[in-house]
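Please look through the sequence and the fold before reading on, and keep both at hand.

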Amino acid sequence: MSKHTPGFHPTPVYLNLLKVAGLVLFLIGLGLFTFSNFQDQFRITPEIAEQLSAHIPDAEIRQRLSPVVNQTFDNKFILIDNINRLLNPDHSIQDYQMGEYRFWILKTALSGSIREQALNWFFFSVVLAVAGALLYILTGLHRKPGIKHDGIFFDSAMMRGITGILLGGYLIGFYIVLYWFPQYLVQSIALVDPVSEWLRNRPADRWFMYGFLYTLAVSVMGIRMFIKYRHSNYHLVRTASVIFFQLAFAFLIPSLLERLNKPSMDFKNAWPLNYTFFTDWNLNSLIAGGNLGWFMLFWGIVLSLILVPVFTYFYGKRWYCSWVCGCGGLAETLGDPFRQLSDKSLNAWRVERGLIYSVLVFAVVMTVMQVVNYLSEGAIFGDYTWRVNQAYSFWIGSAFAGVIGTGFYPLMGNRVWCRFGCPLAAYMGIVQKFKSRFVITTNGSQCISCGNCSTYCEMGIDVRWYAQRGQNIIRASCVGCGVCAAVCPRGVLKLELTNPGERYNLVPDDEINALMEKN
């Protein structure tokens, strides 16, 4: 928009300065958080070797560390080489287990400023980054209510420019290290030890750090969503919902259960998204957890097999994907600036259908093997179940859901995982497509073909194609976020609930042609 355009109100200079200050503070905090992994020393004392019994129960394996006891290492890479050489000379320990050993040895042996002044480091990295982000976000309050996308296609961060590529590279690198090389993040993880000790009464591990940062991202970027959508009660309530479910159900409740030494569970995480629910170790843990464990087992089954399809029948996928789900919560908050990057092409739709239902089949087959193997005590499938679990965990749970699903936000949009890989989304999508009351109705006579609806559909649906023809939108992939209706300047689109058999309103070809000529 030109500054000579009627109604144009330039941003005051002091607000621009505040935005710059907020960005600088955020980058300093993020830089310190990242830089912390290259600081401090490592020293394994006899006392630390004894503390490792909680993570390395085998005394014989712990004894192998004796050559490095009382040695100080300025470089974690040298210590890791020694750990690999001493603990696993014959490669008899599985790779995953060795990764856990390496992580806890480095985490426990960490010494220096981060260990001694973790609270200060936490403040000058995490708290500073959050303060900078909020300062940057809150400057948006000066703009009038309503969704604004001015200049979005010229923004380097939001349109795959160099900033977006760098941001995507950082996220991808973070997820790769988090999932497969956590020993290189021990200092960053130690920064959140004060929070973990206060909340769980135990040191932080990589998953606590990840859950903490994940919850912070949803909450802080949720504030941005409150400002952006403050004219719409639907989006305000929806944003508050995803923040609540992430903070309470995915972070605080599981952490408090750990503090009480009880089985821990994200009560909103339904199968098959929660692909470890039917694994033997999880079932044994729940059964050994007494009445609470049995309740968790019962709840997980009822949620996945009864509540998910029933709620999807009444409300469509949106009740979960846009109101409850943690993946959806991150996509709707942190990922919102990148929603316009979703591919709307026919080829992308074909890839979407092939991938997401393949993952669902993979998840179902794996779960059948898990249950059968558990009931038969491994007599039928043996260790093949474990191999399938490992393959799914690596390729789907880590590489697809994490590295690609979130790391590719600035490259492919904010719903890559939800659109192409989530088996729960596929499961609910089948119900939504064939037996649900949810529909997006269209008033084709009012459509001016501006394309806003298609541009900002995070699931890659060409909404305009339906609106031009006056056809209701009933797609398995639609998560019912409602942004298409919110950005429509003519009120063409509306999220509604109706009789499943009355959702389709196919328009004759002659009426379609008349509408197309009018538009």
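In this report, helices are DSSP runs of H or I with at least four residues, and they are numbered from the N terminus. With that naming, E377 is found in the loop between α17 (346-375) and α18 (384-404). The model is a predicted one, and what follows should be read with that in mind.

**Two pairs of helices**

How do helix α11 and helix α12 pack? Helix α11, residues 206-228, and helix α12, residues 233-259, pack at an angle of about 165 degrees, and their axes are 10 Å apart. This angle makes α11 roughly antiparallel to α12, because angles over 145 degrees count as roughly antiparallel. The crossing in which α11 passes α12 is left-handed.

On the α11 side of this contact stand F208, G211, F212, Y214, T215, V218, S219, G222, M225 and F226, and they meet L236, T239, A240, V242, I243, Q246, L247, F251 and S255 in α12. Sorted by type, the residues of the contact of α11 with α12 comprise twelve nonpolar and seven polar, with no charged residue.

A second pair is formed by helix α4, residues 76-87, and helix α5, residues 95-109, whose axes come within 11 Å and cross at roughly 130 degrees. The helices α4 and α5 are therefore oblique to each other, and their crossing is right-handed. In this contact K76, L79, I80, I83, N84 and L87 of α4 meet M98, Y101, R102, I105 and L106 of α5. The residues of the contact of α4 with α5 divide into eight nonpolar, one polar and two charged.

**Aromatic rings**

How many aromatic pairs does a search of the whole structure find? The search finds 32 aromatic pairs. One of them joins Y234 and W323, whose ring centres are 5.6 Å apart and whose planes stand at 75 degrees, so that the pair is edge-to-face. This pair links distant parts of the chain, since Y234 belongs to helix α12 while W323 sits in the loop between α15 (318-321) and α16 (326-333), 89 residues apart. Another pair is that of F244 and F249, with ring centres 5.9 Å apart and planes at 70 degrees, so this pair is edge-to-face too.

Ring pairs also link F174, Y175, Y179, W180, W207, Y210, Y214, F394 and W395 into a cluster. Among these, Y214 is also one of the α11 residues that meet α12.

| Residue | Relative accessibility | Class |
|---|---|---|
| Y234 | 27% | partly exposed |
| W323 | 21% | partly exposed |
| F244 | 46% | partly exposed |
| F249 | 23% | partly exposed |

**A buried threonine**

Is T312 buried or exposed? T312, which lies in helix α14 (residues 290-315), has a relative accessible area of 0% and is therefore buried, because buried means under 20% relative accessible area. When residues up to four places away in sequence are not counted, T312 touches K317, W319, M428, V431, Q432 and S436.

**Residues in loops**

The peptide bond that joins W271 and P272 is cis, with an omega of about 5 degrees, and P272 is found in the loop between α12 and α13 (280-287).

R160 is not a glycine, yet R160 has a positive phi of about 60 degrees. The place of R160 is the loop between α7 (118-138) and α8 (162-180), and at 42% relative accessibility R160 counts as partly exposed. At 75% relative accessibility, E377 counts as exposed.

Finally, where is A288 placed? A288 is in the loop between α13 and α14, and with a relative accessible area of 67% this residue is exposed. From C-alpha to C-alpha, A288 and G354 are 40 Å apart in space, while in sequence they are 66 residues apart.

Conventions
Residues numbered from 1 in each chain as written. Predicted model: local features only at pLDDT ≥ 70, side-chain atom pairs only at ≥ 80, totals over all residues. Heavy atoms only, no water. Axes fitted to C-alpha atoms, helices over the stretch in contact; angles between N-to-C directions. Parallel < 35°, antiparallel > 145°, perpendicular 65-115°, else oblique. Left-handed = near helix turned anticlockwise from the far one by under 90°. Contact = heavy atoms within 4.5 Å. Nonpolar A, V, L, I, M, F, W, Y, C, P; charged D, E, K, R; others polar. Phe/Tyr/Trp six-rings, centres within 6.5 Å; stacked < 30°, edge-to-face > 60°. Buried < 20%, exposed > 50% of the residue type's maximum accessible area, 1.4 Å probe, protein only.
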